[in-house]
Amino acid sequence: MTLPLTWDLDSIFPGGSESPELAAFVAQLTADLTTAKAQPALPPLSAETQPQWTETINNLYDLSARLFHAGSFAGCLVSQNVKDDKARMLDGELDALHAQLETLWTNFAAAASQQPDAEWLALLETDALKPVAFDLNEHRTLAKDKLPPEVEALVSELSADGYHAWDQLYNVIAGTKQVQFEEDGETKPMSLGQLQSKYMDAETRETRRRAFELYEETWRELAPVISMALNYQAGFRLTTYRHRGWESVLKEPLFNNRLSRQTLDTMWGVIAQKSDRLLDYFAAKAKVLGVEKLAWYDINAPVGNLNSNFTFAEAADFIVKNLGDINPDIADFCRMAINNRWVESEDRPGKRAGAFCTRLPLKAETRVFMTFNGSYNGLSTLAHELGHGYHGYVLRDMPFGAQRYTMSVAETASTFNELVVTDAYLRQSTDDGERLGLLARKLDDTATFMMNIRARFDFERAFFERRATAQLSVDDLSALMMDAQKTAYHDGLSSYHPLFWASKLHFYITRAPFYNFPYTFGFLFSHGIYALAQEAGAAFKDRYIALLRDTGSMDTETLAKTHLGVDLTQPAFWETAVDEALADVDAFVELANRM
Ligand SMILES: [Zn+2]
């Protein structure tokens, strides 16, 4: 049976970016936002004014869901055809609406923060608002922790030029720089992103080494300006925090991820203790590559072979079959999503790169976008994105205010699917070269989450600590990064990447401070769940669904306690998760020695 390779968007809004229904939908939304903005301020909260508050809140959620829906749809249109100018314009238009909606939420949160606790709690106890109490409380708590609304409004306005602008400056510098790289006797212009792929993925070591040297040299040249972007952006953030009375730079990212400091410290503590087991992997990989010790540019070098070729139907069958063995509910979802054309997988020009999954809340549906090229990577990407799809599907009948989950748990279902499918494939494959390649791929990921990202986190924390009293020079920053990398990699490499603070875009994302630890958290959280699922067998299915359903209405510790019965602030869960991720080391070493 041939499966559909393109997705169905017409059942959402017929006619793509030319759709009259879509235009009418956006026009109505714009009008309703204008009406909401014109509403007078909410009266003090009391038994008599409760209905008015409820109505305002329901209206905010309604506007949010509709804007999310339109935004998702526009994202799908732009991705399936990067030349769809009308879709791009729509995307920009929706961004502006988003800013308006944000202001409405900020004003609401400020008003909520000024109401007495007793009145507020009484409001949240009502049937209408109980299911979204967690989300509403978050809005109010954050507003309470911030400066008075008129001061925050000023901070927010100044941020455009004084804070987020550094992020944009960085993107322009990093994005426009071109270098000349010689390969096979030919000199080619390359972006820094292309050069990075060369040093990470090139087959021959000499190419990787030359690419990496040029990469470091180029960042060294850019470093003086980039260090200003980092220093000033951090200065803005620290000053804002100081005025709000926030003592730790981790307060904001922890709040954003619904995590406690203790959980984070415990997780890193277990990683620090156990991750040196990856040195055995590094040693075995070095042997396979024929080098004494891995250099920075060898870490992700390809080994083994992953030359398998699947049709989309074969990949889909494999995924459905193997997920079905562990949880039939996920398998049913995947089959349904593929048959109902919720997946866009066609390999054709004009599509954007990468893969994603998005939710369409008003239809209670999801859509997956990717380009399937027949490789194992494609199969695992399909499993991954269908995991996101399943997560969205499980949440489909919850109120919109209980559907928003944070980055820390966003990769739970996707990584879980990937793990199930990859392990199934490893068990079935009889080709040693392929198994070696797959194990290396898994372990490279593990090293990224436990070592590379650990170095990013340690660097960023140390940087902010020193930045509180003085600016840091290029040399200071590089020295700090070297220290962080040596610690995280247990001194296990022959060379490092001291200018990583300049080359890594993530340090400059002002809208998501500390854009690092949620990755590692999510990776290990999913590994821990995978370990529990294997242990519990069929009985785990319902707990898994219940956990995913509550990702939008609990902090992460409560989520884990309620549905997994584990305490994230203590080491035990993390030890299980880390051991699960490191279990491949022995298999790789054994296989590498045998080959
Ligand atoms: Zn993902």
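The model is predicted. Strand S1 (residues 178–183) and strand S2 (residues 186–191) pair in the antiparallel sense, and helices H7 (residues 164–176) and H9 (residues 205–244) come within 9 Å of each other, axis to axis.

**Hairpin of S1 and S2**
- The pairing of S1 with S2 runs over 6 bridges.
- Glu 183 has Glu 186 in S2 as its bridge partner.
- The hairpin has 2 residues between the strands.

**Helices H7 and H9**
- The two axes cross at roughly 160°, so H7 and H9 are roughly antiparallel to each other.
- H7 passes H9 in a left-handed crossing.
- The contact is made up of 9 nonpolar residues, 1 polar and 1 charged.
- On the H7 side, the contact residues are Trp 166, Asp 167, Leu 169, Tyr 170 and Ile 173.
- On the H9 side, they are Leu 222, Val 225, Ile 226, Ala 229, Tyr 232 and Gln 233.

**Aspartates with positive phi**
- Most residues other than glycine have a negative phi.
- Asp 184, which is not a glycine, has a positive phi of about 50°, and this residue sits in the loop between S1 and S2.
- Asp 184 counts as exposed because it has 6 C-beta neighbours inside 10 Å.
- Asp 491 has a positive phi of about 55° and is likewise not a glycine.
- Asp 491 lies in the loop between helix H19 (474–488) and helix H20 (500–503).
- With 11 C-beta neighbours inside 10 Å, Asp 491 also counts as exposed.

Note on methods: Residues are numbered from 1 along each chain as its sequence is written. This is a predicted model: local features need pLDDT of at least 70, side-chain atom pairs count only at pLDDT 80 or more; totals for chains, interfaces and linings use all residues. Two strands pair if DSSP finds at least two bridges between them. Helices (H or I, at least four residues) and strands (E, at least two) are DSSP runs, numbered from the N terminus. Axes are lines fitted to C-alpha atoms, for helices over the stretch in contact, and angles run from 0 to 180 degrees between N-to-C directions. Angles under 35 degrees count as roughly parallel, over 145 as roughly antiparallel, 65 to 115 as roughly perpendicular and the rest as oblique. A crossing is left-handed if the near helix is turned anticlockwise from the far one by less than a right angle, and right-handed if clockwise. Two residues are in contact if their C-beta atoms, placed from the backbone, lie within 7 Å. Ala, Val, Leu, Ile, Met, Phe, Trp, Tyr, Cys and Pro count as nonpolar, Asp, Glu, Lys and Arg as charged, and the others, Gly among them, as polar. A residue is buried if 20 or more other C-beta atoms lie within 10 Å of its own, exposed if 12 or fewer, and partly exposed in between; C-beta atoms are placed from the backbone.
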